[in-house]
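I opened a protein model today and kept notes on what I looked up. The entries follow the order in which I worked.

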Amino acid sequence: MNFQIKELNLPDISIMSPLQLKEQQNLMEEILMVKKMPPSIKQWYITPPSKPFTDYLYIFINLDNGKMYLGKHLYGKKIYWQSSKNKEFKKVFANGKSNLLFIVLEYGNSGYIEYRENSILVANNAACIVTGK
């Protein structure tokens with residue numbers, strides 16, 4: 001499997017209907033347990049879950065340069081936005097003028113999400129993705 005941004009086929013949040021925007025806001029509050037995104041996140045899309053889950057896989061995409069940060073989070077735990085050890089990403093994330101896209105990609109149990117994270121990293125030679133490990 002080769003992971004490409006264009007393969008995500010996500011809607012353009014800037015042209016979402018009020019109902020779609022409300023659904024995204026509800027998902028943000030339910031899944032991420034926050035009412036608003038950090039200033040560096042300019043766009044987001046939260047894939048609606050289709051079954052019960054314990055963890056979710058997410059990605060940050062720097063829309064200015066295409067660099068990505070892939071991570072996983074245990075659902076129900078207080079959100080931490082990133083745990084990267086990458087100094088460049090930490091600087092970008094902390095800069096409110098950054099242009100990040102945040103996407104919740106998929107949901108599952110801990111083992112499945114870890115498998116998916118590793119699969120994406122291996123398929124992309126992990127050179128273009130910075131992992132949160």
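**Entry 1: ground rules.** I noted that this is a predicted model, in which local features need pLDDT of at least 70, side-chain atom pairs count only at pLDDT 80 or more, and totals for chains, interfaces and linings use all residues. Residues are numbered from 1 along each chain as its sequence is written, and side-chain values use heavy atoms, with hydrogens and water left out.

**Entry 2: overall make-up.** I looked up the elements and found three helices and five strands. Helices (H or I, at least four residues) and strands (E, at least two) are DSSP runs, numbered from the N terminus. Read from the N terminus, their order is α-β-β-β-α-β-α-β.

I then looked up burial. The protein has 133 residues, and 41% of them are buried. Buried means under 20% relative accessible area, exposed means over 50%, and partly exposed is in between (1.4 Å probe, protein chains only). The exposed surface comes to about 7,800 Å², with carbon and sulfur atoms supplying 56% of it. Accessible areas come from the Shrake-Rupley method with a 1.4 Å probe; for residues, only the protein chains shown count as cover.

**Entry 3: helix α1.** I checked the length of α1, which has 15 residues (18-32). The expected span is 1.5 Å times one less than the number of residues.

Which residues of α1 are buried? They are Q24, L27, M28, I31 and L32. They cover an arc of only 105° around the axis, so they sit on the same side of α1. The arc is that of the directions from the helix axis to the C-beta atoms. P18 and L19 are exposed on the other side of α1. The buried residues of α1 pack against β1 (41-46), β2 (55-62) and β4.

I also looked up E23, which is in α1. E23 has 42% relative accessibility and so counts as partly exposed. E23 and P48 are 25 residues apart along the chain, and their C-alpha atoms are separated by 9.0 Å.

**Entry 4: the loop after α1.** M33 follows α1 and belongs to the loop between α1 and β1. Its phi is near 65°, a positive value in a residue other than glycine. Most residues other than glycine have a negative phi. M33 is partly exposed, because its relative accessibility is 40%.

S40 is in the loop between α1 and β1 as well. Is S40 buried or exposed? S40 is buried, with a relative accessible area of 1%. Beyond its neighbours within four places in sequence, S40 contacts V92, F93, N95, G96, S98, N99 and L100.

**Entry 5: helix α2.** In α2 I found F89, V92 and F93 buried. Their arc around the axis is only 95°, so they lie on the same side of α2. K87, K91 and A94 are exposed on the other side of α2. The buried residues of α2 pack against β1, β2, β3 and β4.

**Entry 6: cores.** In soluble globular proteins, nonpolar side chains tend to be buried together. A nonpolar core is a set of buried Ala, Val, Leu, Ile, Met, Phe, Trp, Tyr and Cys residues joined through side-chain atoms within 4.5 Å. The largest such core has 26 residues, and L32, I41, I46, Y56, F60, W81 and F102 touch the most other members. The elements giving two or more residues to this core are α1, β1, β2, α2 and β4. Apart from this core lies another, of eleven residues, among them L57, M68, L105 and L121.

**Entry 7: aromatic rings.** I searched the whole structure and found 14 aromatic pairs. Rings of Phe, Tyr and Trp (its six-membered ring) pair if their centres lie within 6.5 Å; planes under 30 degrees apart count as stacked, over 60 as edge-to-face and the rest as tilted.

How are the rings of W81 and F102 arranged? Their centres are 5.5 Å apart and their planes are at 80°, so the pair is edge-to-face. W81 is in the loop between β3 (68-74) and α2 (87-94) and F102 is in β4 (100-108), so the pair ties together parts 21 residues apart in sequence. Both W81 and F102 are buried. Ring pairs also link a cluster that includes W81, F102, Y56, F60, F89 and F93.

Methods:
Contact = heavy atoms within 4.5 Å.
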